[in-house]
Amino acid sequence: MATLTTNLFHGQGERDHRLDVVEGQWPADVDGSVYVVGPDKRGPGGHWFGEQGLVERIRMRPDAEGRVVVEHRRVATVVDGLRRRHPRLFAKVQFMELSPFGVSNFANTNVAAIDGRLFLGYDAGRPVEIDPETLEHLTPVGANDEWLQSAPGLLEPLCAVAAHPAVDVEDRSMYFVNYSQLSAAGVERETWLARWDLEGAVQRWRVVGMSPYDSIHDVKATEHHLVISDLPFVVEPDGFRGAPRTIRNQTHTSLWIVPKSDLDAAPPGATVQATEVRLPMPSGHVLVDRDEPGGLVRVVLQHMPLADLMVSIGPATRDHRNGALIDAEYEGMVALAVQPSVIGRYLIDPVTGRVHEAEVVHDDERLWGGILTTTDLHRVDARRHQRQLWYAGCGFDPDLVPQPWWDLYGDAADGLVDPAQLPQQAVPGALARIDLESMKVAEVWAYEDGAFPSPPTFVPRTGSDRPDDGYVLVVVHRDGDKELQLFDAQHLELGPVARATAAGFHPGLLLHSTWMADRIGPRRSSYSVPVRRDVVGAVRGIPGVLRSMARMVRDLRRERTSGGAAVERP
Ligand SMILES: [Fe+2]
């Protein structure tokens, strides 16, 4: 019987909670809120990522009775409203949803804060802005015709924009990667870097010099460069009909580095050249230092060896060891927790792509199943140079290694631990502090009985501007009532400084998070894309989208004729 909690996907939607501090003392030197976003799942089934976004706001200052207030609101986009009124027009295909309005933008993956404003990301849709106070949906970023479109729709044509933008606080702008999400394998994708100054038009430059990739999920900005990272995310055409995967994920990470000055030098619409870097092991997310001492870019990668976001536990998924059906309560969970958590640090020459230093850190005894990381991105000095990272994971459960994963990776030689040598006992979920200077696991706080923390969020100490000075907040998922735990960021091994919970506190497992200071006064912008403008932009894009889809079909046919593997990405 599996150890990991089954209390993953029984979410409660838009329910609010007031949590009692049941142990320790909630510190007085915190303020603002932690925002978490994720799929609004109300029960197991389907894919973890396949629901409209739900935003969880955790107010860091307790209310007058000393309770911690947690609110949940759906991301109420225009299409979300149309789905409620006309559900028959919508159909789920794996984790995506299709309708005449396009590919629904679930806005359920990432949350980013800048300038008192809050933005949600979703790889198969445009970023959207929500109000950090009311949590209301405000506007998409950029009208449909400001983005490259990959599939037609009347309101939400598929605009693939990596869920993680580069939030450039110093330049007061955001950078996005927008790319063609449907293509034949081996064909160079149309990929664009977009810059948005938080108002007005989205400006785009076409990036050239990129080898074929599966998908792009993350981009980050140094003082002078943009660093794009790819994400292994293979969807085979037959997968849409429920067929098992036949192609495993890639064994490397591709990075592409583009000088910001190239965007200044070329008009929007022009092409810019990327420097490509290839590193061993695929990655989920990328971090960079803003500083570039000696002209080198320091990159930190959250690697994900042998993980596969498209291997999801379904109703007929079996344990690879004995053929036993895996408990239906885990339906929707993806194969993330199959290796130790590993972080890589690299010093790269952005001009030549030469890797000057490469180091990885992992702890095969104590840290498995890494899901999400957090760092201090709130202080200038911390952004200039990232010194520490907190990594939370769900551990390893030998009873939750699905047969479809084993079929693809059972003989893989590019993991950290040989699949044949996977632990026979469960490794508990844990929160760890990783020292990015010494590349050591500095501290680990482990959870028993199948509990695990996710996501972790760095919360700066009020009144301090020292890098990494503050707390790490985690949501602990476990059987029964869940809880919040707040740790001193430098002393995880002392245990949480405060725990807060309440009867009936059962939020579902969400995804990324961020801390943000309270906004003082009204929203500082009137930016908004009118729906009418959006519809016009969508319709105007249809001929171009149909042309590129015809090209893709031609490429796929050509590949099939020549015996190559045809791969379609989401
Ligand atoms: Fe992500």
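## Overall dimensions

The chain has a radius of gyration of 22 Å, which agrees with the value near 25 Å that a compact globule of 570 residues would have; this radius is taken over C-alpha atoms, and the globule rule is 2.2 Å times the number of residues to the power 0.38. Taken along the principal axes, the box filled by the C-alpha atoms is roughly 60 × 60 × 55 Å.

This is a predicted model, in which local features need pLDDT of at least 70 and side-chain atom pairs count only at pLDDT 80 or more, while totals for chains, interfaces and linings use all residues. Residues are numbered from 1 along each chain as its sequence is written.

## Burial and contacts

Of the 570 residues in the chain, 52% are buried, a residue being buried if 20 or more other C-beta atoms, placed from the backbone, lie within 10 Å of its own. Among contacts with a separation of 6 or more, 69% are between residues 24 or more positions apart, where contact requires that the C-beta atoms lie within 7 Å.

The secondary structure comprises 5 helices and 36 strands, which are DSSP runs (helices H or I, at least four residues; strands E, at least two) numbered from the N terminus. Strand E29 (residues 388-393) is largely enclosed by the rest of the structure, because 5 of its 6 residues are buried.

E29 runs antiparallel to strand E28 (residues 370-374), with 4 bridges joining them, and antiparallel to strand E30 (residues 430-435), with 6 bridges; strands pair if DSSP finds at least two bridges between them. Trp-390 in E29 stands opposite Thr-374, and Trp-390 also stands opposite Arg-433 in E30.

Notes: Buried ≥ 20, exposed ≤ 12 C-beta atoms within 10 Å, placed from the backbone. Contact = placed C-beta atoms within 7 Å.
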